[in-house]
Amino acid sequence: MLDPSSFIKESIDEIKKTIGDKKAIIALSGGVDSSVSSVLVSNAVGENLTAVFVNHGLLREGESDYVKQTFQDRLNLKYVDASNEFLDELEGVEDPEEKRKIIGEVFIRVFEREAEKIGAEYLVQGTIAPDWIESHGNIKSHHNLALPHGMVLEIVEPIRELYKDEVRIIGSEMGLPEEMVNRQPYPGPGLAVRIAGKITPKRIEICRKANSIVEEEVQKEGLNKTLWQYFAILTNTKVTGVKGDIRDYGYLVVLRMVESLDAMTADVPELPWEMVKTISKRVTAEIPEVTHVALSVSDKPPSTIELA
């Protein structure tokens, strides 16, 4: 059984030995894994860790302000708005894997610029056990990453042997806000994997608003404490609807809500029907471009949690 205080003490001692007085950098996404890793390493090396929060333009509603407010007094935090750079590269791209690849490449480019500015020698990553188990790569805790222009960083993964529930325990032990510790996982490419087809500013706005409505209603119901993830997908399917007395033609949005312990498997639970109906009514009423809302009821496996 995990002893959080012992884990934190031992990790801090190990991080101090590894990084010492050299510079380290971490990509802070605002998710629990990178947040816990950032605070853990910061407790060990202080200002020698720079936590870089990159806004790629595909964040949830209010995400930038939330992360800055949560961490500006806890970490040596640097905020980088690279949204235009990301969206320019994604223009016209429809294939989900191509989107992921582009976002990864642009992120490395942006991140490398920041690493060079601070003279970083170490890269901290919030890798946890399911990440390397699912990729079949039980790699060492410390290995090297060569960035595109030849910069080599040594990898430090302080929570790589933990599962999500254990990461949350460590976060609570270190005093992170409950809301942050219990946040639902959010994909690195952000809304890009929840928008089927082309990414445009308008489609991002639609998807962001739909996701915000889902989060609000799930939290009102108190299910944010039991659901692993809950979100909306903007499909590239358009269907006929009626708004007022006028025929309309708008997008189909799919709701996805699952329970899980570690994301290795996931189940769709029985959901309060009134909540589902409320979400549907709000999405179609508050987002003029949407005419239909559907509910995904497939477990993992055979499905994945995210749809793209």
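Lys220 and Glu217 sit three residues apart in helix 9, so about one helical turn separates them. The two form a salt bridge, with the closest N and O atoms 3.3 Å apart; the term stands for a side-chain nitrogen of Lys or Arg within 4 Å of a carboxyl oxygen of Asp or Glu. Keep in mind that this is a predicted model, where local features need pLDDT of at least 70 and side-chain atom pairs count only at pLDDT 80 or more, while totals for chains, interfaces and linings use all residues. Residues are numbered from 1 along each chain as its sequence is written, and side-chain values use heavy atoms, with hydrogens and water left out.

Salt bridges that share partners go on to join Lys209, Glu216, Glu217, Lys220, Arg282 and Glu286 into one network.

Lys202 is partly exposed at 38%, Glu205 is partly exposed at 46%, and Glu289 is partly exposed at 25%. A search of the whole structure finds 22 salt bridges.

Helices and strands here are DSSP runs, numbered from the N terminus (H or I with at least four residues for helices, E with at least two for strands). In helix 4 (residues 83-90), the buried residues are Ser83, Phe86 and Leu90. Seen down the helix axis, they fall within an arc of 70 degrees, so they line one face; the arc is that of the directions from the axis to the C-beta atoms. Asn84 and Asp88 are exposed on the face turned away from the buried side. The buried residues pack against strand 2 (49-55), strand 3 (77-81) and helix 5 (96-118), with contact meaning heavy atoms within 4.5 Å.

The largest pocket holds about 1,800 Å³. Of the 47 residues that line it, Asp131, Tyr186, Pro187, Gly188 and Pro189 are the closest to its centre. A pocket is an open set of points on a 1 Å grid over the protein atoms alone, where a 1.4 Å probe fits, with protein on both sides within 12 Å along at least five of seven lines; lining residues have an atom within 4 Å of a point. Grid points are joined across faces, edges and corners, and the volume is the space filled by probe spheres set on them. Helix 5 gives the most to this lining, with six residues.

The second largest pocket has a volume of about 730 Å³. Its lining has 27 residues, and Glu179, Asn182, Arg183, Gln184 and Tyr230 lie nearest its centre. Helix 9 turns up again here, supplying the largest share of the lining, six residues.

How values were computed. Buried < 20%, exposed > 50% of the residue type's maximum accessible area, 1.4 Å probe, protein only.
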